[in-house]
Amino acid sequence: NSPLHPTRGYLADVGFDYAVDFIGSPIEFLKFSASFAQFWTYFRKITLGYGLRMGQVLKLGDTQSVPEDELFYLGGYNSVRGFEENSLGPRSPQFLPRGGELMVNGHVELRFPFVRAWDLYGGYFFDTGFLVDCLADVPITQDPPSEPISCYDDIGMEDLRSSAGIGVRWLIGGQIPVAFDYGIALNRRIGEEFGALHLNLGYTF
């Protein structure tokens, strides 16, 4: 019922991108993404919502790598709160986030009036997701050539990253949310912070 402050209904989106081998370019790939979110409101006050999104990049032809800006990223306000921005998933030899080829991300959130006279709302949330690569980083010229691994079969619980937290949201004009969320990383790894505070214009989903 509202793209900015939804309280009921659902939203679905699907997208495709295709990079073709053109004028000698060595890069050819297919990129797919989809998302779905649904909301219910109870007692005219409490809104429960969930969201799910996924995406995959498939290398085609002799493509050995995809530009990092075409890969998926995970971590931060728009995906898994409680973690630093784009900090989850595969990393480079320098231990820097480099994006991944297969991403799944889910959210559950409860929103409720906090101080209605000031358009302040509270929220509880749970985020989860994983980001992995689906094609071994082995040169195509290798004999035998590298083959796509079975992403869905080889993903384990250690790849799933989750967080939970609370937040306060101020609605500008009753519709545009300014969100302050604090998420706690539930399965922290060495070097990761306990949690993270996020400030954003708009909801995560």
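**Exercise 1.** Which side chain meets Arg 81 in a salt bridge of 2.7 Å, N to O?

Solution. The structure is a predicted model, in which local features need pLDDT of at least 70 and side-chain atom pairs count only at pLDDT 80 or more, while totals for chains, interfaces and linings use all residues. Residues are numbered from 1 along each chain as its sequence is written, and side-chain values use heavy atoms, with hydrogens and water left out. Begin with the criterion: a salt bridge is a side-chain nitrogen of Lys or Arg within 4 Å of a carboxyl oxygen of Asp or Glu. The partner that meets Arg 81 at 2.7 Å is Asp 127. Asp 127 belongs to strand β5 (residues 120-132) and Arg 81 to the loop between β3 and β4, so this pair ties together parts 46 residues apart in sequence; strands here are DSSP runs of E, at least two residues, numbered from the N terminus.

**Exercise 2.** Are Arg 81 and Asp 127 buried or exposed?

Solution. Buried means under 20% relative accessible area, exposed over 50%, and partly exposed in between, with a 1.4 Å probe and protein chains only. Both Asp 127 and Arg 81 are buried, and for Arg 81 the relative accessible area is 0%.

How values were computed:
Helices (H or I, at least four residues) and strands (E, at least two) are DSSP runs, numbered from the N terminus.
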